[in-house]
Amino acid sequence: MVADFNGTGGDISLESFMGVFLILAAPAYLLMALVMEAGPGQATPGKRMLGLRVTSLEFERLSFPHNLWRVMAFVVVNALTSKVVILVNLFLKGNLLHDRVSRSYVINWARSQREQKDEQ
């Protein structure tokens, strides 16, 4: 990945690799979350595997601007107070700080579907 001016291969350090990885991965994840949570699936791949979906208060799909606000709230809340956020989120029973700020909800879609079938 790194070559010196003589054209020979140089060594890449773990620190520089992780730096480049974080610079590329963080924006890529935020873009993926923005597109996938506002899309018809309403979830990132991890949420999808767990049977979760991101919804509005009316259990509808988030609009693109609403989901943009959700992603921005995620970045701001976690960037400003990362250690405090982890501690606080432990006691919020799943309604995390960035969800509260953006007025969005992550629901267990599979459980909701089972409960709906049980009621019928």
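**Close-up views of a predicted model**

**View 1. Q42 sits in the loop between α1 and α2.** The model shown here is predicted. Q42 is buried, because its relative accessible area is 8% and the cut-off for buried is under 20%. Leaving aside residues up to four places away in sequence, Q42 touches M36, E37, R53, V54, T55, E60 and R61.

**View 2. Helix α1 covers residues 14-38.** How far apart are the end C-alpha atoms of α1? They are 35 Å apart. The helix has 25 residues, and at 1.5 Å a residue these should span 36 Å, so the two values agree.

**View 3. The buried residues of α1 are A33, L34, E37 and A38.** These buried residues pack against three elements: α2 (45-49), β1 (52-55) and α3. One of them, E37, is also touched by Q42.

**View 4. Helix α1 packs with helix α3, residues 64-80.** Two packed helices are described by the angle between their axes and the distance between the axes. Here the angle is about 145°. The axes lie 9 Å apart. The crossing of α1 past α3 is right-handed.

**View 5. Residues in the contact of α1 with α3.** From α1 come L30, A33, L34, E37 and A38. From α3 come F64, N67, L68, R70, V71, F74 and V75. Which classes make up this contact? Nine residues are nonpolar, one is polar and two are charged. A33, L34, E37 and A38, seen in this contact, are the buried residues of α1.

Terms used. Residues numbered from 1 in each chain as written. Predicted model: local features only at pLDDT ≥ 70, side-chain atom pairs only at ≥ 80, totals over all residues. Heavy atoms only, no water. Axes fitted to C-alpha atoms, helices over the stretch in contact; angles between N-to-C directions. Helix = DSSP H or I, 4+ residues; strand = E, 2+ residues; numbered from the N terminus. Left-handed = near helix turned anticlockwise from the far one by under 90°. Contact = heavy atoms within 4.5 Å. Nonpolar A, V, L, I, M, F, W, Y, C, P; charged D, E, K, R; others polar. Expected span 1.5 Å × (residues − 1). Buried < 20%, exposed > 50% of the residue type's maximum accessible area, 1.4 Å probe, protein only.
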